[in-house]
Amino acid sequence: MFLNTLTPKFYVALTGTSSLISGLILIFEWWYFRKYGTSFIEQVSVSHLRPLLGGVDSSSPSNSNTSNGDADSNRQSVSECKVWRNPLNLFRGAEYNRYTWVTGREPLTYYDMNLSAQDHQTFFTCDSDHLRPADAIMQKAWRERNPQARISAAHEALELEDCATAYILLAEEEATTIMEAERLFKQALKAGEGCYRRSQQLQHHGTQYEAQHRRDTNVLVYIKRRLAMCSRKLGRTREAVKMMRDLCVFQLMKEFPLLSMFNIHENLLESLLELQNYADVQAVLAKYDDISLPKSATICYTAALLKARAVSDKFSPEAASRRGLSTAEMNAVEAIHRAVEFNPHVPKYLLEMKSLILPPEHILKRGDSEAIAYAFFHLQHWKRVEGALNLLHCTWEGTFRMIPYPLEKGHLFYPYPICTETADRELLPMFHEVSVYPKKELPFFILFTAGLCSFTAMLALLTHQFPELMGVFAKAFLSTLFAPLNFIMEKVESILPSSLWHQLTRI
């Protein structure tokens, strides 16, 4: 009787409402997936519903061995997702701010600038800064979030004395041209060398003087590195190479572990490539492309470029398919595969399949941020080598056949870290579409809600157009759906006594 009293309008309303609700869920799921890279329903199910439904407790004794076994892989994941300072980072006043003035877009994220503030406090401050008034002012300046407040504090410190770190802040943030930044860095160098000589004589008089000397060394190396980068940007590349070679000696000293964070050898490699001094590039790679030292996109792709240079001018994919690869070509292809495995995002920028943006001040190794930083400075060097980009175009995708499951097992490196996408989204501006590897498939719930929305919308349309026919179909469907239940009820009635069945129905 209930089914017979339902009108076609009821079915239109039912299917239309179902289509609307599933459509709203689909839109929300798609937005959440685009922003966070995961399904909201799946995340809620795993995080909240599974424990309520009796999920396995990770702290139980039965799982202690498993958790201990996963400890090493978790530590590896954390170390691979460490954010590094970009060795070739641009000048905030002379380059990043000029981009903002022209385009109205912010090239740096708050997270990136906050990391830079922490770096500056580590490099340029020490516990004894309160003993010198200018250093005490600069210690507060590095913690300021407002750029104008930092610049005002730097001018205030310079009114008291020649302060190297104050000149550094003005060169980085107030100077609007590279020439102006270089002038301020030269003044910082003069003040920094005086502080360095004084602290060098007193460094063995106590831990306080030792900390001062360590800080003054960091300041001096930072100034010289930025001066070398100014020379490189102003076209005095040979002068820049000479300064960078001297700084690489400091970097290898065990007494100053913080200097290894600068990765000055990457600046040196880029300058030598600009001079097309490939023999010296190979010599630098021989020192730093070692199994005991951390890798980077600059190391791996520069090694691939040198090997590609030997064969790229005569390379032809048609000829190679007929006769096979020679030994030199095989070495070049293997070097490209090694580089692509380390950072699979770089080729799309080198081949100009994806647009470049200004590199951030910090990068994530093997991530999209590192790929942008590398391609921004090295694309010109690949273009200068005849046929190198053609060889890369023909061979880079072959890497993925060797590592079908990159998140589980690598070929020459550790498995690709899962956390790169999340960290890159924090480092890169919102207007840039973050490159994701491996390419994620759409979650099940997005596909399910899309199918449900389409199906119910189609039913609503058909019911509206053909109400009588769809009403017959709906009644037939519901009758078929409830047929097994009716059959069971009839059997139960035939087996149980009528009086007992009457009492049960009353209950």
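Are D119 and R85 buried or exposed?

Author: Some ground rules come before the pair. This is a predicted model, in which local features need pLDDT of at least 70 and side-chain atom pairs count only at pLDDT 80 or more, while totals for chains, interfaces and linings use all residues. Residues are numbered from 1 along each chain as its sequence is written, and side-chain values use heavy atoms, with hydrogens and water left out.

Now the pair. Both D119 and R85 are buried (under 20% relative accessible area; exposed is over 50%, and partly exposed lies in between, with a 1.4 Å probe and protein chains only). They form a salt bridge, and their closest N and O atoms are 3.2 Å apart. A salt bridge here is a side-chain nitrogen of Lys or Arg within 4 Å of a carboxyl oxygen of Asp or Glu. D119 sits in helix α6 (residues 110–124) and R85 in strand β1 (residues 83–85), so the bridge ties together parts 34 residues apart in sequence. Helices (H or I, at least four residues) and strands (E, at least two) are DSSP runs, numbered from the N terminus.

The whole structure holds 21 salt bridges. Take E270 and R232. Their closest N and O atoms are 3.0 Å apart. This pair also links distant parts of the chain: E270 is in helix α13 (residues 264–274), R232 is in helix α11, and 38 residues separate them. Both E270 and R232 are buried. Salt bridges with shared partners also join R92, R150, E173 and E361 into one network.

E210 bridges to R214, with the closest N and O atoms 3.4 Å apart. Both lie in helix α11 (residues 207–233), four residues apart, about one turn of the helix. E210 is partly exposed, at 38% relative accessible area. R214 is partly exposed too, at 35%.

Rolling a probe the size of a water molecule over the atoms shows where empty space is left. On a 1 Å grid over the protein atoms alone, a cavity is a set of points where a 1.4 Å probe fits but cannot get out, and lining residues have an atom within 4 Å of a point. Grid points are joined across faces, edges and corners, and a volume is the space filled by probe spheres set on the points.

The search finds four cavities of 30 Å³ or more. α9 gives the most, with four residues. By class, the lining of the largest cavity has five nonpolar, three polar and six charged residues. Ala, Val, Leu, Ile, Met, Phe, Trp, Tyr, Cys and Pro count as nonpolar, Asp, Glu, Lys and Arg as charged, and the others, Gly among them, as polar.

The second largest cavity has a volume of about 70 Å³. Its lining includes N86, P87, L88 and E266. Helix α19 (residues 368–384) gives the largest share of that lining, four residues. The lining of the second largest cavity divides into five nonpolar, three polar and two charged residues.

Technical notes:
1 Å grid on protein atoms, 1.4 Å probe; cavity = no way out; pocket = protein on both sides within 12 Å on 5 of 7 lines; lining within 4 Å.
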